[in-house]
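Open your viewer and load the model. We will go stop by stop, selecting as we go.

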Amino acid sequence: MKVFIALAVLFAVAVAAPPHAVDADRNAQILRYESDNIGVDGYKFAYETSNGIAQQEQAELRNVGTEHEAIAVRGSFSYVGPDGVTYTVNYVADENGFQPQAAHLPHV
């Protein structure tokens with residue numbers, strides 16, 4: 001029974017995804033990749049692919065040497081949705097948790 005449910009879910013996902021989107025993802029090429037300042041005190045990277053996915057992120061270590069030492073991350077990612085619209089999410093992840101912001105996300 002579990003196998004049947006798993007197959008049904010996979011079939012539904014395959015049918016729902018437009019064929020061109022599946023091919024674009026499968027054949028995506030890396031158009032840009034940057035990575036620098038990777039170390040114990042932080043990092044920075046960015047990439048972009050031919051299927052419209054992009055991400056950039058940077059992080060820094062805060063309160064170094066204290067019991068409140070934590071890494072703080074700031075970045076954004078974007079992707080093309082099934083509707084052809086490019087969605088972008090900006091985020092911060094720090095001692096206050098993951099905090100995404102985007103026009104298509106509900107505001108709390």
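Buried means under 20% relative accessible area, exposed over 50%, and partly exposed in between, with a 1.4 Å probe and protein chains only. Ser76 has 15% relative accessibility, so Ser76 counts as buried.

This is a predicted model: local features need pLDDT of at least 70, side-chain atom pairs count only at pLDDT 80 or more, and totals for chains, interfaces and linings use all residues. Residues are numbered from 1 along each chain as its sequence is written, and side-chain values use heavy atoms, leaving out hydrogens and water.

Stay on Ser76. It lies in strand β4, residues 70-80. Strands (E, at least two residues) and helices (H or I, at least four) are DSSP runs, numbered from the N terminus. Now show the contacts of Ser76 (heavy atoms within 4.5 Å). Leaving aside residues up to four places away in sequence, Ser76 touches Ala54, Gln55, Gln56, Val89, Asn90 and Tyr91.

Next, select β4 and β5 together. They run antiparallel, joined by eight bridges. Two strands pair if DSSP finds at least two bridges between them. Find Val80: Thr86 in β5 stands opposite.

Move to Val92 in strand β5, residues 86-94. Is Val92 buried or exposed? At 16% relative accessibility, Val92 counts as buried. Its C-alpha atom is 5.6 Å from that of Val73, 19 residues apart along the chain. Beyond residues up to four places away in sequence, Val92 touches Val73, Arg74, Gly97, Phe98 and Gln99.

Zoom out. Six strands form an open sheet in the order β1-β2-β3-β4-β5-β6, with antiparallel pairing. β1 (30-39) and β6 (97-101) stand at the edges with a single partner strand each, so one side of each has no neighbour in the sheet.
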